[in-house]
Every structure is written in structure tokens, then in C-alpha cells.
Amino acid sequence: MRELLDSEYDVIVIGAGPGGSMASYHSSINGAKTLLIDKSQEIGTPVRCAEAVPYLDEFGINPDPSFVRSKIDGGILVAPNGKKIIVKGGKTQGYVVERKIFDKHLAVRSANVGTKIAIKSRVVGLDYDGEKYTVIVNHLGQIYAIKAKIVIAADGVESSIAEMAGIKCKKKVTEICSCAEYEMTNVKLLDKNMMEFYFGDICPKGYVWIFPKGETANVGLGIIDSKKKAIDYLNEFLEHPLLEGRLDNATPIEFKCGGAPVGGPIEKTVADNFMVVGDAAGQISPISGGGIYLSLSCGSIAGKVAGEAIKSNNCSEDYLVEYENRWKEKYYKLLMDELKYKKVLQKFSEKELNALADAMDERLEEIDVAKIAFRAVKRAPSLLKYFKDII
Ligand SMILES: Cc1cc2nc3c(=O)[nH]c(=O)nc-3n(C[C@H](O)[C@H](O)[C@H](O)COP(=O)(O)OP(=O)(O)OC[C@H]3O[C@@H](n4cnc5c(N)ncnc54)[C@H](O)[C@@H]3O)c2cc1C
């Protein structure tokens, strides 16, 4: 690695997930000499994801057949009593991708505009001299020190890099959704272009998903702070009567597990010469646990601001706060509202979930919680006690 890499870069991005690859792409196209570092030996692995992504046009990413496995038109929400609500159109549309290939595609795209990439390289420390960071990297047992004017931490849910720079980003156990998932073949889907979501005691405070993925499907769930393990709930779900035997012949080809930081975004995402993006910054939907869109978007903003800072020769917190202002303007209210709605939804018993579903239209074009709450309370006034702060 010593021969391949220089000893100094303008920008070092730590973590080659969607957030890091987008940040490095935009940093490079804005003229900054950029290094992207990941600890894994293969970018995109291990996969800890249900692999649903929104339309990618706004990021200039082609939905390449090499990674798109299914086109998604919307979702089917299934209440404990079996009532199905179909949500079609708008932001529910997108793709289920092969993330191993999707993440690599994003890294290749970044390399094609000049980013250098170091794999199998775990960042184990940071030193700061008031002007630059020295990033300490363990590559195959050898320690390397590489300098950077700006470090972008995109190291995911277990992030430790931002803490090294004095930014609080450690998540409490109650803020992490613990997930287990099988990728299965021979799943009989309700619709090959619709995601399925199941709610109730089968998955307390969370939900179960079945996402079509070409000739397979991702069947998984996420729970928060539960006495039982996610995998135990998942194994029970596979035989649930609501499925009417649709998984009887299904068999797993891959097992995935991981955590999603659904406790809301961290407040401070910049410091002198330093930025945090993606899961590391809690930029993920508190309700759905979907973080790819936000990582792509916030990663792009961080990369652009880093490039501009290098050009302006000003990497101070006062300059980099532009990143925080831009992402907060777009997403902060949305994330905080979702956090509020989630706390309400988590209190619902199965009976109340059924009442909510019965009060909802069977077809929706989008999930607007305030609108849904208003209609639900009109039809089932007993739900008012939960929704009084929302409507
Ligand atoms: C089971 C599950 C299902 C999910 N399903 C979906 C879904 O369907 N749709 C969706 O939008 N979101 C989903 N998510 C969330 C989504 O996976 C994340 O929000 C997204 O991957 C965040 O991207 P990121 O770039 O911030 O971090 P990550 O994708 O986690 O990337 C972080 C990278 O940092 C690297 N790294 C970490 N520490 C170091 C270090 N010290 N040195 C070097 N490299 C390091 C890691 O190797 C990794 O490659 C799911 C999450 C889980 C757990």
C-alpha cells in the first residue's frame, strides 16, 4: 500500500458505503485530491441490508442492470388482522439492488473521477495538529500514517471515527434496530413489484419485510430493545398463518444481520477539518430504517462542501458548517417528525393497529402520517389519544 498511496491528501473519506463513495465522488469532481478507505476486503461486503433503494436519477447514477434485481412500484402494508393497504407511486418507487455490486459500482464511479481507494485498511486512530489530521491505518498488519486537510467519517452504524475527533455519535442500545434477514428463493410474492410489510406482535416495535429481488426475495425484520433475538422472531414469522404457506417451499441462500441507528440524527456533524455522514451521523429514517437515500444525498453535500473548502483554503468548522446547514435544511425536520411518529406507533397494541388499518383507505399514493392520523381519528375516535400531538 505504501507504494500505491501518497502520504498526504486533501480529503480522506473513511468508509466506502453509499455515503462515503458519494462524498469521495463529489470531493474528487470538485478538484480535491481524495482517498477513500475501507476496512473490508471487498467493497459492499458483508451485506447488512434489505437492498431497497429509491430512484437514482437525482444522483446521476444509472440503474445499471448489473445491480438492479427488481423494479419496485410501491408497498403492501399488512395489519395483524390481515387487512392490506396498498401504497403505490411517489417516493415508494425504486429498486431492490444487489448491494454488493451497487456499492462497488459507486466506488468505481468515484475512482473514475480520480479518487484513490484503499481496501482492507482499517482506520485505527486519528491525530490532529490543529491544521491537518493524520489518519492511522492498519493494512494487513502494517501501520501507515496518512495526512489530510479534511477527514469525512462515513464509517456506518458502529462509527468510532467521529468519537476520535471529539464528536458524540455513539448510539444507545435502545436507538439501534437489530435486524435479521434471509435472502430466500422460491418465495411466493403477493406481487413481484411490491414490497410487503407486516406489523404487530410478530415483530414488536418494528416490522417484517419481504422485498422481491429478482429470482429471490429478502425476508427480514428489525426489532428494538427486545428480550428475544431478531432471528428467533424471523424464524417464527416464516410459519406465520398470515403468509398462507407462501414460504413453505422457500429456502435461504444467504443470511444477513446488522443494526440500523434509528434514534434520530446527531446534532453536531462538523468540526475543524472534520465531517460525519450517513449512518454514522444517524442520517436514516427512524421509522423505516431506510438510510441509503439519505447517505447518498448527505454524502454528496459533504463531498461538495469539502471540495469547495479545499479550493477556498479554509477547512475550519465555520466553513464546513455549510454541510450541516444544507443537510439539516433538507432533512432535519423530516427526521425529527418521523421520530415523534415512531414513538406513537410503537405504543399501538395489535387491536389498535387493526383499528388504524380499518380506518385507512385501501389504496394510498404516499405515507403522510399527519393525513393518515387525521382520517383514522375521524373514523376511529379512540385513536385520538395517540395522535393528538400530530394532527
Ligand atoms: C438489515 C438491514 C436492512 C436494511 N435495509 C435497508 C433498505 O432496504 N434500504 C435502505 O435504504 N436502507 C437499509 N438499511 C440501512 C442502510 O444499510 C444504511 O443506512 C446504509 O448502508 C448507510 O450507508 P453508510 O455509507 O452511512 O454506511 P455503511 O453502508 O454501513 O458503510 C460504512 C463502511 O465503513 C467501513 N468502515 C467502518 N469502520 C471502518 C474503519 N474503522 N476503517 C475503515 N472502514 C471502516 C465499513 O466497512 C463499511 O463499508 C438497512 C440496514 C440493515 C441493518
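**Reading helices and a sheet in a predicted model**

Modeller: The protein chain is divided into domain 1 (8–46 + 100–169 + 265–342), domain 2 (52–97 + 173–261) and domain 3 (347–387), with bounds that come from an automatic or database domain assignment. This is a predicted model, in which local features need pLDDT of at least 70 and side-chain atom pairs count only at pLDDT 80 or more, while totals for chains, interfaces and linings use all residues. Residues are numbered from 1 along each chain as its sequence is written, and side-chain values use heavy atoms, leaving out hydrogens and water.

Biologist: Which residues of helix α8 are buried, and how should I read their placing?

Modeller: An α-helix has 3.6 residues a turn, so residues three or four places apart point the same way. Helices here are DSSP runs of H or I with at least four residues, and strands are runs of E with at least two, numbered from the N terminus; buried means under 20% relative accessible area, exposed over 50% and partly exposed in between, with a 1.4 Å probe and protein chains only. In α8 (residues 369–379), the buried residues are Val369, Ile372, Ala373, Ala376 and Val377. Seen down the axis of α8, they fall within an arc of 125°, so they line one face of the helix; the arc is that of the directions from the helix axis to the C-beta atoms. These buried residues pack against α6 (317–345), α7 (350–359), β19 (363–364) and α9 (384–387), where contact means heavy atoms within 4.5 Å.

Biologist: In what order do the strands of the open sheet run?

Modeller: Two strands pair if DSSP finds at least two bridges between them. Here eight strands form an open sheet with mixed pairing, in the order β16-β12-β15-β14-β13-β5-β6-β19, and its edge strands, β16 (251–261) and β19, each pair on one side only. Strand β6 (residues 84–88) pairs with β19 in the parallel sense over two bridges, and isoleucine 86 stands opposite arginine 363 in β19.

Biologist: Which residues of α4 are buried, and what covers them?

Modeller: Ala230, Tyr233, Leu234 and Phe237 are buried in α4, and they cover an arc of only 100° around the axis, which puts them on the same side of α4. Their cover includes β12, β13, β14 and β15.

Biologist: Where does serine 21 lie, and is this residue buried or exposed?

Modeller: Serine 21 lies in helix α1 (residues 18–29) and is buried, with a relative accessible area of 1%. Leaving aside neighbours within four places in sequence, serine 21 is in contact with residues including Leu36, Asp103 and Leu106.
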